[in-house]
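Subject: Structure handover and findings

Dear colleague,

I am passing on the structure we spoke about, and the notes below it set out what I found. Please read them with the coordinates open beside you.

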Amino acid sequence: MKQSLKFFDVIAVGFMLFAFFLGAGNIIFPPLAGQLAGDNVLPAMFGFLFTAVGLPLVTIIAIAVAGGTWQQLTKDLPKQAATLIAVLIFIIIGPAFAAPRTGLVAYEMAIKPFLSEAGQFDLAIFSVLFFSVAMYFAWSQGKLIDIIGKVLTPALFVGLVVLAVSVFVNPQGDILAAQGEYQSQPLTKGFLEGYNTMDTFGALMFGMLIVDVLRKKGITEQKAMTKYLTMAAIIAASGLAFVYISLFYLGATSTEVAMNADNGGVVLSQYVQALFGPSGQLVLSVIVLLACLTTAIGLVSACSDYFSSLTPVPYKTWVVINGVACATVANVGLSQLIAFSVPVLFALYPVAIALVTLTFFRNRLPNAQLAYRVVLGVSLLFALIDAAKIVGINVAAFDVLPLFSYGMGWLLPTALTLIAMFFVPSRARSLTQKAA
């Protein structure tokens, strides 16, 4: 019997995936990048779209191609190594960085402007309330498609469309000259800024969450699963591209209303108030709260689902553990959390990119097991060197590497290693020679 979903269920799944992706980093980074890129906004935006839209889309498709689970995606790695990578990624997108950031951005942009004297106590109270709501929605995992895809995301999307149309119809200033690194290397700088969204990490885990949702809807055949997972990814990627292009243009035309802003949240807030007047902050608050809440729900649910599969602790208990941890970490503060996350992203993002790339070449590699281990090892080694540079360690000896000065010293060694893996003896031939 042919397995299929109703049209509106397909749209709902795509919207749910879009909402999971569209969170804190997706909102606060593009406006500032657009402002700094100025007249180089197009190459900077294309670089950002590559890592923040293209890679997540390809990652979701890779999960579909691999079979829909982390175990199938990493079957050529030692089990302990695959588990360690997964745990690290879940910690990053869960209680350590991405999930707490959703609460922090929601507070900074949607709540703090309405408080006359905001302090640490206000942040603590909001963190508890915000992640309590996220835990409530994540509690019933089987209803995620109805809660997120059919209720919260349409409301969020309407708000974003209103904002995007207003930005293009009534820009608040002219596009000025590029600043800083956007003057000389806008494409590369935009590419690296896309790391901050953490969406490739998110795609690795959200893809598996969507697989579970589809299974609960009766989609179990591999062909049908791949089809609907890919369709959901295309819908989500289209929505993300729409939002990023709007926010980049907003940032590029924001200098007159948000000059010398130190983060994208300030740029967006001041721009929206200039567009809509006193009611602008209310419009922005609704958009930010919905965006951050839907992502927080997805992150708490995805992390809890994985850790419950790894331990005897049930899913709902992990929902509470992750929710409490997120609320606690959120009190560190937004600037500090972003500063802590950057070197970690530089160290692990290349590994995720290499893993996704290998998935598409796996069937053509003569020795897939060796290729996975060597390529991921090389990507991690050189990514750690890039991360060391970010934290201030002297690694000038590696300046000879192409793109190292741009923070992408891992790229050429990883690519060359992958190419070399096409010329190693196949595993079967090696075993035959050893037996002889």
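Predicted model: local features only at pLDDT ≥ 70, side-chain atom pairs only at ≥ 80, totals over all residues.

Where in the chain does Phe 423 lie? It sits in the loop that joins H17 to helix H18 (427-435).

Overall fold

The protein chain is built with 18 helices and zero strands. Its radius of gyration is 22 Å, close to the 22 Å that the globule rule gives for 436 residues, so the chain is as compact as a globular protein of that length. Along the principal axes, the C-alpha trace spans about 80 × 55 × 40 Å. Of the 436 residues, 56% count as buried, and among contacts with a separation of 6 or more, 82% are between residues 24 or more positions apart.

The nonpolar core

The largest nonpolar core holds 152 residues, and those touching the most other members are Leu 17, Trp 70, Ile 93, Phe 201, Met 205 and Leu 268. Helix H11 (residues 222-252) gives the most to this core, contributing 16 residues. For Met 205, once its neighbours within four places in sequence are left aside, the contacts are Trp 70, Ala 86, Ile 89, Phe 90, Ile 93 and Ala 302.

Packing of H5 against H14

The axes of helix H5 (residues 79-96) and helix H14 (residues 315-329) come within 9 Å of each other and cross at roughly 65°, which makes H5 roughly perpendicular to H14. On the H5 side the contact is made by Gly 94, Pro 95 and Ala 96, while H14 supplies Asn 322, Ala 325, Cys 326 and Val 329.

Individual sites

Helix H9 (residues 186-193) is mostly covered, with six of its eight residues buried; these are Pro 186, Thr 188, Gly 190, Phe 191, Leu 192 and Glu 193. Thr 188 counts as buried because its relative accessibility is 16%, which falls under the 20% cut-off. Leaving aside neighbours within four places in sequence, Thr 188 is in contact with Tyr 406 and Met 408.

Ser 127, which belongs to helix H7 (residues 120-139), is likewise buried, with a relative accessible area of 2%. Its contacts, again leaving aside neighbours within four places in sequence, are Ala 327, Ala 330 and Asn 331.

A backbone point also deserves a look. Most residues other than glycine have a negative phi. Leu 403, however, has a positive phi of about 70° although it is not a glycine. Leu 403 lies in the loop between helix H16 (368-390) and helix H17 (411-420), and with a relative accessible area of 33% it is partly exposed.

With best regards

How values were computed
Residues numbered from 1 in each chain as written. Heavy atoms only, no water. Axes fitted to C-alpha atoms, helices over the stretch in contact; angles between N-to-C directions. Helix = DSSP H or I, 4+ residues; strand = E, 2+ residues; numbered from the N terminus. Parallel < 35°, antiparallel > 145°, perpendicular 65-115°, else oblique. Contact = heavy atoms within 4.5 Å. Core = buried A, V, L, I, M, F, W, Y, C linked by side-chain atoms within 4.5 Å. Buried < 20%, exposed > 50% of the residue type's maximum accessible area, 1.4 Å probe, protein only. Rg over C-alpha atoms; globule rule 2.2 N^0.38 Å.
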